[in-house]
Amino acid sequence: MTSSPRPLLNRRLAEFGTTVFAEMSALALRTGSINLGQGFPDTDGPEEVREAAVRALRDGRGNQYPPGPGVPELRTAVAAHQRRRYNLSFDPDTEVLVTAGATEAIAAALLALVEPGDEVVALEPYYDSYAACVALAGGRRVPVTLRPRDGRFRLDLDELRDAVTDRTRLLLINTPHNPTGTVLTREELAAIAELAVERDLLVITDEVYEHLVYDDAEHVPLATFPGMRERTVTISSAGKTFSFTGWKVGWITAAPELVTAVRSAKQYLTYVSAGPFQYAVAEALALPDSYFDGFRSDLQRKRDLLGDGLRAAGFEVYQPQGTYFITTDITPLGEKDAYAFCRALPERCGVVAIPNSVFYDAPDVGRNQVRFAFCKKDGTLSEAVDRLRRLAS
Ligand SMILES: *Cc1c(COP(=O)(O)O)cnc(C)c1O
């Protein structure tokens, strides 16, 4: 027998090796670099929320399997939050589903709603789990590329319309957008909504950065546009909003039939998760506006601290209007290849970043883009900025 053995990893996942985050985090550790690669805060969220989790754990709330759709307290808090922030009303019993972070919500929604061969139109660069989950569902991803124009990554509405075919099942949207930091405008969202209604498409919208918008940008949920309430699965999570990314408490809000469909997949993925944390997040969602405003202005300040430093070091900075991230262009530094640049950066100046090229299908698009996370302590950001200054000399 000369035939080569069958590869272990099945062909749906073969193209997705280990993630660039694992590679870069290992590099950070080995070189003692400041890790601005992965987007997690280095400070925990509000003390009272942490205490709420301790109380739930001590009181024996959530230590055994919580209800499949999530604890009623959290579902009610999610519905109240959607009403208070966006004037959207959802029935906590039939239109809210708690998931193991937004990650499970994305996986369960795609596994539930995509039939093998269906096309899924998604904004590129993608959050890394989108492509893998579309593949697991047997779907075909169709990218629509966000491109920088006048300092901001923009959606080309003609390109979006052209991407939709008779095989398109759903649009997968993310705003505020990771990694570009762009926040889709009302006009862009209205065009997406019109297209979804006209072509009768489902929409999954990942809005985990809903509270992280800066300057005069505004987050408008897609579900608020005409005809969208009944066809949209809105995904959010406590991880980014409350700086507890390890808790993995996420949720969807959607019409009852969509929630039922997503739950069919979710129940065989994790069934349930994070019992005591669900109670704590229910309390977090009810925090006064001052928490959300303070958190946002704190991060905006961090964005400016890192952004100014990156400009001083010679990067072109695409000013993010939302999220934890700054995307830069390395061309002004005389660099062409983001991957090579990021592999060398730890040795050159002790900082780790992520090459955006890994978030694109076409290897050449995004080749000159590098992403830095700014959800870190001021001291860490200042030190990173000092180190990056070496690039300018
Ligand atoms: C962080 C992130 C997620 C994952 O959220 P979890 O709640 O940690 O699973 C999903 N989508 C985007 C765009 C993210 O940045």
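Helix α10 lies across strands β2 and β10, running at about 65° to β10. Axes here are lines fitted to C-alpha atoms, for helices over the stretch in contact, with angles from 0 to 180 degrees between N-to-C directions. Helices (H or I, at least four residues) and strands (E, at least two) are DSSP runs, numbered from the N terminus.

This is a predicted model: local features need pLDDT of at least 70, side-chain atom pairs count only at pLDDT 80 or more, and totals for chains, interfaces and linings use all residues. Residues are numbered from 1 along each chain as its sequence is written, and side-chain values use heavy atoms, leaving out hydrogens and water.

Now the sheet: it's open, with seven strands in the order β2-β10-β9-β8-β7-β3-β4 and mixed pairing. Strands pair if DSSP finds at least two bridges between them. At the edges sit β2 and β4, each pairing on one side only. β2 and β10 run antiparallel, joined by five bridges, and Val 98 stands opposite Trp 251 in β10.

| Element | Residues |
|---|---|
| β2 | 96–100 |
| β4 | 140–145 |
| β10 | 249–253 |
| α2 | 47–58 |
| α10 | 275–285 |

As for the helix pair, the axes of α2 and α10 come within 8 Å and cross at roughly 140°. That makes α2 oblique to α10 (under 35 degrees is roughly parallel, over 145 roughly antiparallel, 65 to 115 roughly perpendicular, the rest oblique). Contact (heavy atoms within 4.5 Å) involves, among others, Val 49 and Arg 55 of α2, and Phe 277 and Glu 283 of α10.
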